Amino acid sequence: MVFSSLTFLQCFLPLCLLAYFLVPQKWRNGTLFLFSLLFYAWGEPVYVVLMLFSTALDYTCGQMVERHRGQRGAKIALLVSVCVNLGLLGVFKYSNFLIGTVNSIFGTALPQPNLPLPIGISFYTFQTMSYTIDVYRQDAPAQRNMVSFGAYVTMFPQLVAGPIVRYKDVAAELIHRTNTASAFAAGARRFTVGLAKKVLLANSIGALWDAELAAQSAGTLTVVGGWLGIAAFGFQIYFDFSGYSDMAIGMGQMLGFHFQENFNYPYTAASVTEFWRRWHISLTTWFREYLYIPLGGSRKGTWRTVRNIFLVWFCTGFWHGASWNFILWGLHFFGWLMLEKYLLRDFLQKLPSWLRHFYTLVVVFVGWGVFAMEDLAGCAGYFKTCFGSGTLWSAADGYYLTAYGLTLLLLTVGSTRLPRKVWDRLPERTRDLLGPLLMTAGLVICTAYLVDGSYNPFLYFRF
């Protein structure tokens, strides 16, 4: 079940909210736990058992850490939690890739398990590990109520595609949270904005990316068409994923939780370093706190700093998928971050802001091309065309520019702060009148699009 589906919008979410607010506050974690399990079971009924196992394991490990604080038992419990969680992730997400790589290198014929990938396993595995680590570091107390802990692990608003919620950020709200009409209304508005970003913008431009991939397969891709396709995918993944994050944060707010912001206008960045402070903030924060800093961060000299950053970006790429293109995507950004850190920083500061911004977008969007195409040979051919080996222009490009020109303009403006600035400058009375009207119109139009259309992917579900 995805958020941008009629089943979710018209059945699951209203029933969940109704049940959540009808029961006494002390039962709300249990209600959330049950509805979250139902949400997950809708698409992955078998793997609910896996999620419950992970929940029970980390709950037990957290209790053991607290019980044996300062003793060897606490460290053993932490290691068990980390190793089992990474082991599950490795078996279900990476076993085919690793066995296939061994077979191709050594000419063996080891059987591959071909296990279906549990939805959202990359997200909820990192969340459950953060719980045990936070308890071990004494950043948060162990959760004594298993139902409340289960509600944290399985919480459906951010279960399958984030943002990654660290336990210490919601530990207090799992015990007590305040639900107000104003917070619920703000969450509903945030949810509607995210739904519109996903359905009206991401889905619309995704069709252009598919068309350019088809042109690549047919041998008719041009230079202009190649860059149009990459721009389309870059906008699609941003409005798809940031839209999902907006919906998750909005639903969390309706339920009384406050999740970390996951995006901060990343396409306005003036360097690759700045871009990664603004994109998928919860993931970069997780890797910084639970991998980079424990490895020593930048405190132990240049060589170890480079090594640590390399490991973070290798893991970031590999976290996204069991394929070489994701590893190359991570190393692509590692390389540019190192160049900016040690060679380009002073040079970039001397450039005009528009040129720094243009440079950043080229690096980022080239990275998206690598990210999008798992077939490395096809990816190389695509970029070969983009950088001049093919025909410059075709009639199809003129058609796509005409058909998608307005959408691309809206996406460009929508990825900047301009809409927010315009809204904030409106008189408060005008905002109070327009807000409900725009929210209602957004829900009606999105519903109409969902009824009429069949193209409705969520790109980050596969991670």
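Predicted model: local features only at pLDDT ≥ 70, side-chain atom pairs only at ≥ 80, totals over all residues.
Q: Where does Gln127 lie, by the way?
A: Gln127 is part of helix H5, which covers residues 121-136.

Q: And is Gln127 buried or exposed?
A: Buried means under 20% relative accessible area. Gln127 has 2% relative accessibility, so it counts as buried.

Q: Which residues is Gln127 in contact with, leaving aside neighbours within four places in sequence?
A: Besides Gln158, the list has Tyr152, Val153, Pro163, Ile164 and Val165.

Q: New topic! Which residues touch the most other members in the largest nonpolar core?
A: Those are Phe8, Phe156, Tyr267 and Trp368, in a core of 135 residues. Helix H9, residues 223-255, gives the most to this core, with 17 residues.

Q: Let's stay with Phe8. What is Phe8 in contact with, leaving aside neighbours within four places?
A: Quite a list: Met1, Val2, Phe3, Leu13, Pro14, Phe39, Phe156, Phe191 and Met251.

Q: How many aromatic pairs are there in the whole structure?
A: The search finds 65. One of them is formed by Phe8 and Phe156, and this pair is edge-to-face, with 6.2 Å centre to centre and 65 degrees between the planes.

Q: What does that pair tie together?
A: Phe8 lies in helix H1 (residues 6-22) and Phe156 in the loop between helix H6 (146-154) and helix H7 (167-175), so the pair links parts that are 148 residues apart in sequence.

Q: Are Phe8 and Phe156 buried or exposed?
A: Both Phe8 and Phe156 are buried.

Q: What about charges and rings: what lies over the face of Tyr20?
A: Arg28 does, at 5.3 Å from the ring centre. There is also Lys341, whose charged end sits over the ring of Tyr342, 5.8 Å from its centre.

Q: Last one: where does helix H13 bend?
A: Helix H13, residues 324-349, bends at Leu343, by about 75 degrees.

Q: And what covers the buried residues of H13?
A: The cover includes helices H4 (72-106), H10 (272-278), H12 (302-320), H14 (353-372) and H15 (376-389). Among the buried residues of H13 are Phe326, Trp329, His332 and Glu340.

Definitions and conventions:
Residues numbered from 1 in each chain as written. Heavy atoms only, no water. Core = buried A, V, L, I, M, F, W, Y, C linked by side-chain atoms within 4.5 Å. Buried < 20%, exposed > 50% of the residue type's maximum accessible area, 1.4 Å probe, protein only. Helix = DSSP H or I, 4+ residues; strand = E, 2+ residues; numbered from the N terminus. Contact = heavy atoms within 4.5 Å. Phe/Tyr/Trp six-rings, centres within 6.5 Å; stacked < 30°, edge-to-face > 60°. Lys NZ or Arg CZ within 6 Å of the ring centre and 35° of its normal. Bend = angle between axes of the 7 residues up to and from the residue.
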